[in-house]
Amino acid sequence: MKKNDRLLGMDRDITRRDFIHDLSLASLGLALPAGTAAHAADSGSGPSAAGYPPVRTGMRGSHPGAFEVAHALAREGKAFPAPTDLDESYDLVVVGGGISGLAAAYYYRRRFGPDSRILILENHDDFGGHAKRNEFHQGGRMRLSWGGTMNLEYPYFSEEVNELMAELGVNIDTLLEGYHFRYGSGPKGEHAMFFDAETFGRDVLVQDFSFRAGRETDLDHAIDRFPISEASRESLKAFYARRDNVFAGKSESEVKALLKRISYTDFLKQYGGLTDEAANLFIRVTHGYAGVGADSLSAAECIGASVPIMHLFGSPNLSGSGATDAGGDVAMFPDGNASIARLLVRALIPAVAPGADASNLALAQFDYSKLDEPDSPVRLRLESTVINVTDGQAGTSVTYVNDGRVLRVNAKHTILACYHVIIPHLCPDLPEEQKAAQKYQVKRPLLVTNVLLRDSKAIDKLELSGAYCPGRLHGAVWVVKGVDTMGYRHDWDDAGTVPVMFWGSVTPPDSSVPVKEQHRASRAALLAMTFEDFEREVRTVLDGMLGPAGFDVREDILAITVNRWSHGYAYGYLDLWDPEWPKGEAPHEIAKKPFGNITIANSDAGAEAYTHVAIDEARRAVGELD
Ligand SMILES: Cc1cc2nc3c(=O)[nH]c(=O)nc-3n(C[C@H](O)[C@H](O)[C@H](O)COP(=O)(O)OP(=O)(O)OC[C@H]3O[C@@H](n4cnc5c(N)ncnc54)[C@H](O)[C@@H]3O)c2cc1C
């Protein structure tokens, strides 16, 4: 039976829920949308949320107050009052304080000298872009999790990214020594499937089974427990047991062409013999990997996504990478790539964390009051949304909104390290073809919700380290333990407070429409959701999954941080939705062309949602400046 809000503990005081009455936005006629109260809560015994954003809980990521100015400009064409000229001029202004913007500032100093005066403008109340640290102190000991980007995909690093990592003191071997987190296949338990009552009629937790890896033994017995029709269960059993080549007799090129034309879920039905119901269970499995459902990815793209497919070509393994939940060759900091952002900020503005280096970074608290000091050659200004950038004989001028004021600064150069879709609104003078290319790059919405649990007793009892949830908003959930490095420890044996990370992307209402329309519809749905919607969602899942093992949903949740990424992954081209562009004519190649003293970075410029791509594009953008 569906629990009401009281039984779910919605009335429990997990956070001190402050509504931020943003008077400055109101003064511009930009009220916060109804129902999107900002939950900037204090974190209990730890540092104060007022001066230290990483401990803020509630609605984070694209938090209220961060996006209203940009939306008013881009969606409503709002005209802002004439700017006030500040008596500040710089060598470089960077728009966007994500990894790409921070790396651009770093490379600029390297190219033009350490005395270069640089201003980084960022619309959020914290730096890092998608690289955000979620820091919890509610249970006493500090616990860390990732607000967004976490994997360092080191095998794909360019020489220059490796060089930057070395300069920042990042050693992949050291990170790997302390890396015992494995996306749901940790030492304390394997991946599971959670079928929820609202979608499937009853709550069922099937341990030691995942869509990716299936199960080594007793597979049929595990699938027999799935609360779906018998026909669908039988189709799944037959699917996982198969090892024949469904394409026997076809040439390699025929098979390749076919795999690029068919969606993964259609492939599962047509060649894997799954029923519609069984195939649909796989849709959310690729959300975290690609930001889109498996029904919008080609079967060829899914070969790289560690989902079961290779066994239908006669391979002994289910997937190209051996069908695991482990997530490939990656290294990780305890707060994910927020550490890279913090190392860059520390290198640019040493006063923020004088004693910190890579070896103790996870425990270091940054002094945010030092980010924007007049005497510092590099300044990082938060809560500042850029609304206009123009280029002229004397250099560039940059207008932004901060705390309700419309302000302008001048700079010799400007690097746009922000999302490409906003650039046509910031620089209306760009060539039409370039603006159209930028608008093509619609980012994929994503969602990372961290929930701090009082202890991990129920999780340990069930021997869980993660679960797929085919019927829920977040398609996967992982126990966050075992990234023991850079001064931080959270052993798998520690039964104390534990973050669990819910990972997902809003399933679009209609996945037959073009993929960018799907993203826009998902984004609208994501932005319309309130904190209470997310809270109810994670409480429902935790109660159904862990309740039978003694988890008390009213008592055992200490904090919730929703990292809502309305503009998440950079748009990468997809087999089913994009043409094959001739070299030099792909939208991202046109979008990033320099324009006088303005150059363009961000992972969008590489059309790949990776931290190393964001860095490579920053280096290129600095190199293009005269
Ligand atoms: C949930 C999630 C998980 C991810 N996981 C991984 C991973 O594990 N590994 C990996 O390599 N990559 C991952 N990524 C991809 C990630 O996008 C990149 O790794 C990288 O962080 C992108 O950096 P960026 O600087 O290009 O963009 P962003 O991080 O988006 O930074 C751009 C910044 O510009 C700001 N901005 C935009 N417009 C304006 C304006 N008008 N004025 C001022 N500021 C503005 C934005 O708010 C933002 O802070 C993940 C992304 C998401 C969303």
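# A guided tour of the model

Start at A521, which sits in helix α19, residues 515–528. Keep in mind that this model is predicted. A521 is partly exposed, because its relative accessibility is 28%. A521 and P508 lie 13 residues apart in sequence. In space, their C-alpha atoms are 6.0 Å apart.

**Stop 1: strand β12**

Select residues 444–453, which form β12. How many of its residues are buried? The count is 10 of 10, so the strand is mostly covered, given that buried means under 20% relative accessible area. Colour the side chains by direction. R444, L446, V448, N450 and L452 point one way. P445, L447, T449, V451 and L453 point the other way. Both sets are buried. In a regular strand, side chains alternate between the two faces of the sheet.

Next, show the partners of β12. Which strand pairs with β12 over nine bridges? That is β16, residues 557–569, and the pairing is antiparallel. Pick L447 and look across to R564 in β16, which stands opposite. Then select β15, residues 498–504. Strand β15 also pairs with β12 in the antiparallel sense, over seven bridges. Here V448 stands opposite W503 of β15.

**Stop 2: helix α3**

Move to residues 68–76, helix α3. Buried residues here include E68, V69 and A70. H71, A72 and L73 of α3 are buried too. Step just past the end of α3 to G77 and check the backbone: its phi is positive, about 65°.

**Stop 3: salt bridges**

The structure holds 40 salt bridges. Visit three of them, then a network.

Select R242 and D244. They form a salt bridge, with the closest N and O atoms 3.0 Å apart. D244 counts as partly exposed because its relative accessible area is 37%. R242 is also partly exposed, since its relative accessibility is 24%.

Go on to K260 and E580. Their salt bridge has its closest N and O atoms 3.4 Å apart. This pair links distant parts of the chain, 320 residues apart. K260 is in helix α10, residues 252–261. E580 is in the loop between β16 and α21 (587–591). Is E580 buried or exposed? E580 counts as exposed because its relative accessible area is 69%. K260 is partly exposed, with a relative accessible area of 37%.

An α-helix has 3.6 residues a turn, so residues three or four places apart point the same way. R619 is partly exposed, with a relative accessible area of 29%. D616 counts as buried because its relative accessibility is 17%.

Now select E88, D372, R379 and R381. Salt bridges that share partners join these four into one network.

**Last stop: a charged patch**

Switch to a surface view and select E190, D208, E216 and E463. What charge does this patch carry? These residues gather in a patch of negative charge on the surface. Centre on D208, found in the loop between β7 (204–206) and α8 (219–224). D208 counts as partly exposed because its relative accessibility is 39%.

Methods: Residues are numbered from 1 along each chain as its sequence is written. This is a predicted model: local features need pLDDT of at least 70, side-chain atom pairs count only at pLDDT 80 or more; totals for chains, interfaces and linings use all residues. Side-chain values use heavy atoms; hydrogens and water are left out. Patches are made of residues with over 30% relative accessible area and no salt bridge: like charges are joined within 9 Å, nonpolar side chains (Val, Leu, Ile, Met, Phe, Trp, Tyr) within 5 Å. Accessible areas come from the Shrake-Rupley method with a 1.4 Å probe; for residues, only the protein chains shown count as cover. A salt bridge is a side-chain nitrogen of Lys or Arg within 4 Å of a carboxyl oxygen of Asp or Glu. Lys and Arg count as positive and Asp and Glu as negative; His and the chain ends are not counted. The place of a charge is taken as NZ of Lys, CZ of Arg, CG of Asp or CD of Glu. Helices (H or I, at least four residues) and strands (E, at least two) are DSSP runs, numbered from the N terminus. Buried means under 20% relative accessible area, exposed over 50%, partly exposed in between (1.4 Å probe, protein chains only). Two strands pair if DSSP finds at least two bridges between them.
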